[in-house]
Amino acid sequence: MPAFLSPDKSILFPTEKDFLEVSRYLGYKKIDTPEEKIKMLIEECCADMFNILMPKSTYEIFDLFKLSENEIQFSDVQIKSRNLSRNLENCTKVALMAATIGPQVDNLIRRYEKIDTLKAAIFQSTGAMYIEKLVDYTNDEINKIAESQDRKPRPRYSPGYGDVNLDVQKIFFNLLPCQKIGLSLMQTLIMAPEKSVTAFIGF
């Protein structure tokens, strides 16, 4: 599949929902809204980060085979995981997806970590919200394919959760054109840019 780059970011990132999501990532609850100063900073940080976003994602769909209760196979890959096997129960297809909002976001956060820790924290939450929006959008595109085939998509599952360790990240980088969307995998198995996500979606 080609890398995704939205021609109209407003489709991905509606302003009202942005504010609520950033507040949630900062630890505020619906009944505990931020004070006016923080509200203004959130709006400012959302606008600043929006201007530098480079949202891109890529995905590919594979036939899925269950080898045992704890082991699955797709392409030429076998994964042993009870948690992932349960997530993909009764699935015959699996999509692998990767998404990022670009290195400029990391640079912005690092810069403010040195000069303004409050804004740095808000930028961290803003970045988390924007990557989640992009992942949701890409997930929806995959869901449409599943539904067009009369299949039911399952909730996405990312490496690092449950018993799926970060070594599994290598599979995504072997099977997807991650470099074409600006993603790299460090020796620590952490992705760069930091605001990036990989996930399995079965259907």
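**Burial and charge pairs**

Q: Why is E141 called partly exposed?
A: E141 has a relative accessible area of 26%, and partly exposed covers values between buried (under 20%) and exposed (over 50%), with a 1.4 Å probe and protein chains only, so E141 falls in the middle class. This is a predicted model, where local features need pLDDT of at least 70 and side-chain atom pairs pLDDT 80 or more, while totals for chains, interfaces and linings use all residues. Residues are numbered from 1 along each chain as its sequence is written, and side-chain values use heavy atoms, leaving out hydrogens and water.

Q: What makes E141 and K144 a salt bridge?
A: Their closest N and O atoms are 3.2 Å apart, and the term asks for a side-chain nitrogen of Lys or Arg within 4 Å of a carboxyl oxygen of Asp or Glu, so the pair qualifies. The two sit 3 residues apart in helix α6, about one helical turn; helices are DSSP runs of H or I, at least four residues, numbered from the N terminus.

Q: Is K119 buried or exposed, and how do you know?
A: With a relative accessible area of 8%, K119 is buried. K119 also forms a salt bridge with E44, the closest N and O atoms being 2.6 Å apart. Because K119 lies in helix α6 (residues 117-148) and E44 in helix α3 (residues 36-50), the pair ties together parts that are 75 residues apart in sequence.

Q: How many salt bridges does the whole structure hold?
A: A search finds 9. E132, D136 and R156 are linked in a network of them.
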